[in-house]
Amino acid sequence: MIPINMKNRRRDFLKLAGLTGLGIAGGGLSKGFASDSKCIEEPNLPQLIKQYGQLHEQRFNMSGFAAPKISNVRVGIIGLGQRGPSHVQRMSIIEGVEIRALCDLLPEKAEAAKKNLEGTGHNPGLYAGGRDEWKKLCDRDDLDLVIITTPWYMHAEMGIYAMEHGKHVASEVPAAGTIEECWKLVETAERTRKHFMMMENDAYMEFQMLTLNMARKGFFGEVVHGDCAYNTSKMKNNFSKSLYWDMWWLKQYASRKGNIYPTHGLGPVSQIMDINRGDSFDFLVSVESNDFMMNRRAMELAETDDFFKPFTGKDYRGNMNVTVIRTKKGRTIMLQHDATSPSPHNIIHGISGTKGTALYDPQPPRLATGNHEWVSQEEFQKLKEKYTPEIFMKMGTLARDSGHGGSDLLLSWRLIDCLHNGLPLDQDVYDAASLSSVIPLSEWSVRNRSNSVDIPDFTAGKWRTNKQNMDINLEKGGNTKVKG
Ligand SMILES: NC(=O)c1ccc[n+]([C@@H]2O[C@H](COP(=O)([O-])OP(=O)(O)OC[C@H]3O[C@@H](n4cnc5c(N)ncnc54)[C@H](O)[C@@H]3O)[C@@H](O)[C@H]2O)c1
């Protein structure tokens with residue numbers, strides 16, 4: 001291989017990114033919704049993955065990175081649909097946070113979010129009414145943190161721009177939809193030395209944190225395998241004409257393949273397996289059923305409502321996607337995504353180790369240590385008391401009363417507490433990139449008869465020496481208060 005100096009490496013990297021961007025965006029557009037989705041039908045993706053990896057030289061290791069302390073975190077929030085307002089509410093009750101700016105394409109959303117802040121002491125400026133208003137928010141020089149809660153295919157572009165303009169970024173899940181975006185996030189964070197955290201909130205759920213602590217304390221022995229999923233019926237939501245902005249979720253399902261919502265299941269399992277800090281994803285294979293439900297529903301609705309006609313005849317993502325990941329240390333992960341079957345919400349969270357097993361869904365959560373049976377409720381309670389991590393002891397009661405089993409408030413509080421105390425964040429840009437890369441990689445595998453595809457090592461080999469970074473026993477920090 002010809003040696004490439006740093007300057008050339010960067011130029012080649014960006015050139016490659018630009019070229020593949022065209023290639024990627026070009027694929028599948030005739031079948032999809034050109035303005036909203038980026039489909040991966042790039043036949044050379046495995047080759048491109050190698051090239052990206054070879055051209056990337058880590059200029060600064062963001063794993064364990066701690067930014068200077070920020071005593072008053074000045075926040076701007078972009079995207080105020082279903083999810084955004086809950087971030088506004090949580091940020092408004094954490095001490096040492098000032099919400100200075102809010103943005104949504106739709107003025108009524110921005111105004112409603114501001115109205116909800118009346119009487120809280122926060123008085124944000126509003127940015128609304130244009131597709132690029134969010135850039136004005138990022139251009140301000142009096143913000144420390146930009147929170148992004150727009151549709152996920154916008155997160156990378158917005159996050160990169162915010163980092164380029166001197167802001168730390170916390171983005172909703174997933175963080176990116178293409179391999180090119182994943183690498184650009186990594187490259188930008190390393191160059192600007194700004195945090196980019198993808199806010200994977202399921203990693204903060206009570207049982208998930210309990211099992212993380214148990215794994216660290218050796219309860220499972222060596223962790224061999226993880227089962228995880230985001231299986232929940234979203235048929236009503238996705239076909240609702242008023243719920244999601246511009247039917248963006250339905251457009252994603254109508255134009256992509258693979259697991260397009262991988263992080264809720266994969267996040268907690270990756271933490272337990274120390275992915276990017278002790279182990280690393282190696283490759284995946286992805287198998288998908290046909291679509292038996294979504295096109296049919298679109299056709300039924302279109303019979304009486306012309307609005308749904310553009311959604312008929314599409315090559316919808318299959319109803320069930322099963323992706324299997326192998327790690328560099330030889331562990332395996334089974335990850336599912338099903339957004340159509342009429343089944344209750346199920347994220348599985350099954351951990352199999354040499355000495356112990358855990359299973360979250362279907363409820364109730366269970367633990368086993370052998371003898372072909374789960375431990376009794378009495379024994380379960382004893383283990384829970386022994387292994388519940390400090391973070392849950394501290395925030396548990398307060399957090400349990402908030403969204404998603406307490407995980408939402410815990411995540412927001414930890415994010416701000418780390419910024420206040422100048423500590424590394426619990427999830428870094430490498431986590432955002434590797435978890436999100438499953439979207440384009442599983443899509444490529446599905447479109448290529450489930451062939452295996454390498455998962456990029458976004459840490460450039462540093463996973464071997466990077467330290468664990470989710471401080472669930474609060475050895476540092478923990479002094480940020482939440483307003484009662
Ligand atoms: N972590 C979780 O548990 C969780 C739960 C729900 C949603 N999410 C994630 O949150 C994100 C938002 O989902 P949602 O359900 O709120 O979607 P939504 O459609 O309800 O809201 C999206 C908002 O973005 C706005 N928007 C669109 N383009 C914009 C632009 N150019 N500039 C500014 N605003 C723009 C829309 O007007 C809309 O208000 C998604 O990425 C989703 O995956 C995460």
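User: What share of the 484 residues of the chain counts as buried, and what makes a residue buried?

Analyst: Quick caveat before that: this is a predicted model, where local features need pLDDT of at least 70 and side-chain atom pairs count only at pLDDT 80 or more, while totals for chains, interfaces and linings use all residues. Residues are numbered from 1 along each chain as its sequence is written. Now, a residue is buried if 20 or more other C-beta atoms lie within 10 Å of its own, exposed if 12 or fewer, and partly exposed in between, with C-beta atoms placed from the backbone. By that count, 50% of the 484 residues are buried.

User: What makes the largest nonpolar core a core, and which residues touch the most other members?

Analyst: A nonpolar core is a set of buried Ala, Val, Leu, Ile, Met, Phe, Trp, Tyr and Cys residues joined through C-beta atoms within 7 Å. The largest has 114 residues, and V75, V146, L185, V186, V429 and A433 touch the most other members. Helix 15 (residues 407-421) gives the largest share, eight residues. Another core, of nine residues, lies apart from it and includes Y253 and F311.

User: How do you know that strand 7 and strand 10 pair?

Analyst: Two strands pair if DSSP finds at least two bridges between them. Strand 7 (residues 223-231) and strand 10 (residues 332-338) have seven and run parallel, so they qualify. One of the bridges links G226 to I333. Both strands sit in an open, mixed sheet of eight strands, ordered 13-12-11-7-10-9-8-14.

User: Why is the ligand said to lie between two domains?

Analyst: Domain 2 (73-200) and domain 3 (202-390 + 429-464) both give residues to the shell around the ligand, so it lies between them. Those bounds come from an automatic or database domain assignment. The shell has 25 residues, and the closest are G81, Q82, R83, W152 and W245.

Conventions
Helices (H or I, at least four residues) and strands (E, at least two) are DSSP runs, numbered from the N terminus. A residue is near a molecule or strand if its C-beta atom, placed from the backbone, lies within 6 Å of it.
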